[in-house]
Amino acid sequence: MPAISVFGAQWGDEGKGKIIDRMSREADMVVRYQGGANAGHTVVVRGEKFVLHLVPSGVLHPGKINVIANGVAVDPLVLLQEIEGLRARGVDLGPHSLRLSGGAHVILDVHKRIDLLAERWRGEGRIGTTGRGIGPCYADKAARTGIRVADWLDLELFRTRLQASLAEKNALLERVHGEAPIRIEELMDRHAAARQALAPFVVDTGAEVRAAWRARKTILFEGAQGVMLDLDHGTYPYVTSSSTGTGGIASGVGFPPSWIDRSYGISKAYCTRVGEGPFPTEDDGADGERIREVGQEYGATTGRPRRCGWFDAVAVRYALELNGATGWMVTNLDVLSAFDEIKVATSYDVPARGLKQRSDYPGSVVTLDQVVPNYESHPGWHDDLTATRRYEDLPRRARDYVEWLERLVGFPVVLLSVGPERDQVIPRMAL
Ligand code: GDP
């Protein structure tokens with residue numbers, strides 16, 4: 001059975017949680033491989049809303065194995081709180097259904113403090129971090145001063161690593177930022193209960209996932225954020241600190257890339273972005289406002305209003321190509337029923353380079369705020385799509401819109417989503 005990658009093909013918040021939850025019905029295992037609790041994957045089950053941050057989106061289906069792999073930056077206190085919160089709402093969550101990698105890196109209070117201080121320090125150049133310590137945790141990982149879950153579980157090793165780490169971090173807090181230092185005993189005390197509670201969840205997740213593949217289980221890899229926020233391939237420096245696409249799975253899980261059978265990108269039928277950074281199709285006028293209100297575009301983790309705009313065919317084509325997508329899923333098609341005219345960016349001009357009508361993504365040669373999108377329009381349909389379940393029952397204009405996007409982007413649309421609920425989907429092709 002297949003190993004399937006599902007990733008965000010825009011700037012995050014594409015509706016991955018809902019899609020992964022739905023696909024989990026057919027899966028045995030759901031694996032998070034990057035990012036941290038900056039993700040907020042929303043799943044709505046019969047009107048009840050769950051926002052998942054670290055726990056994979058397969059958790060609302062009993063009998064699935066949910067894996068937090070080594071590439072994830074884990075705040076143990078936040079993870080424990082999330083587990084307890086889900087249990088309190090009746091979700092059957094324990095070591096039988098959730099695994100945590102001993103190789104995942106631990107986010108500490110000091111990472112969160114440095115995250116916020118560094119953002120303040122950047123002033124006008126701020127990057128829009130969620131302040132959850134994920135960037136500084138990954139920075140420590142790359143600098144080889146991080147603390148892995150396995151180290152954190154071993155009290156003496158934790159203390160030794162923490163002493164070394166805090167010597168440097170406290171100097172930064174005190175001498176650069178003029179802040180109070182972090183005291184090692186206090187920090188260790190704060191972690192004592194979490195260590196005890198989470199220890200039974202910790203395993204070699206890479207070995208388990210590979211064993212599941214050998215046993216012909218169906219494995220879903222759940223991407224967080226989106227390709228345009230990828231550390232290497234996104235709109236640097238306004239990105240997240242990990243590899244958000246299919247490429248992140250190999251190192252973030254310990255899963256051979258050649259074992260991945262299929263990969264699906266998810267995008268909205270328009271576009272949103274949270275935080276700072278270039279967003280070529282942003283509409284800060286009445287249309288953007290209408291998208292925000294109709295689509296309820298407010299961050300699942302932060303509550304921040306999302307920046308809204310039109311579908312960007314150049315960026316989505318790039319995201320799908322980069323990740324070798326088998327197909328593509330389009331969410332929030334229902335939101336576009338509010339418009340007489342729907343715009344799509346079909347190409348970019350790059351005036352600084354004398355480039356016109358380019359459909360190739362120029363992000364590694366110019367910064368994306370130097371591009372000027374060229375739009376084409378499509379007539380709206382106004383019918384309510386939220387109860388539609390078959391492609392042929394969609395209004396003609398909605399089908400034309402989807403097929404037009406498909407031609408522009410060059411990848412098949414395999415599924416459409418027309419509302420936040422689990423069953424509000426229109427399958428188009430076999431997955
Ligand atoms: P994720 O991080 O990619 O899982 O996306 P978020 O959960 O941050 O944001 C997606 C939002 O859109 C959530 O509030 C979902 O409940 C909602 N949503 C998902 N699919 C649809 C859809 O097809 N139509 C509408 N109107 N809302 C949707």
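The structure is a predicted model, in which local features need pLDDT of at least 70 and side-chain atom pairs count only at pLDDT 80 or more, while totals for chains, interfaces and linings use all residues. Residues are numbered from 1 along each chain as its sequence is written, and side-chain values use heavy atoms, with hydrogens and water left out.

There are 19 residues around the ligand, and K16, G17, T42, D334 and S417 come nearest. A residue is near a molecule if one of its heavy atoms lies within 4 Å of it. By class, this shell has four nonpolar, nine polar and six charged residues. Here Ala, Val, Leu, Ile, Met, Phe, Trp, Tyr, Cys and Pro count as nonpolar, Asp, Glu, Lys and Arg as charged, and the others, Gly among them, as polar.

Helix 1 (16–24) and strand 3 (41–45) are the elements that give two or more residues to the shell. Helix 1 gives the most, with three residues. Helices (H or I, at least four residues) and strands (E, at least two) are DSSP runs, numbered from the N terminus. Domain 1 (3–102 + 203–262) and domain 3 (266–427) each supply at least three residues to the shell; the domain bounds come from an automatic or database domain assignment.

Some atom pairs can be looked at one by one. A polar side-chain atom of S417 lies 2.5 Å from an oxygen atom of the ligand. In the side chain of D334, an N or O atom is 2.8 Å from a nitrogen atom of the ligand. At E14, a backbone N or O atom lies 3.1 Å from an oxygen atom of the ligand. Taken alone the ligand exposes 590 Å², and the protein buries 92% of that; the areas come from the Shrake-Rupley method with a 1.4 Å probe.

The backbone has two features to point out. Most residues other than glycine have a negative phi, and most peptide bonds are trans. D13, which is not a glycine, has a positive phi of about 60°, and D13 lies in the loop between strand 1 (3–8) and helix 1. Y236 and P237 are joined by a cis peptide bond, with omega about 5°. P237 is in the loop between strand 10 (219–222) and helix 9 (247–254).

Methods. Polar contact = N/O pair within 3.5 Å; in protein donor to acceptor, adjacent residues only side chain to side chain.
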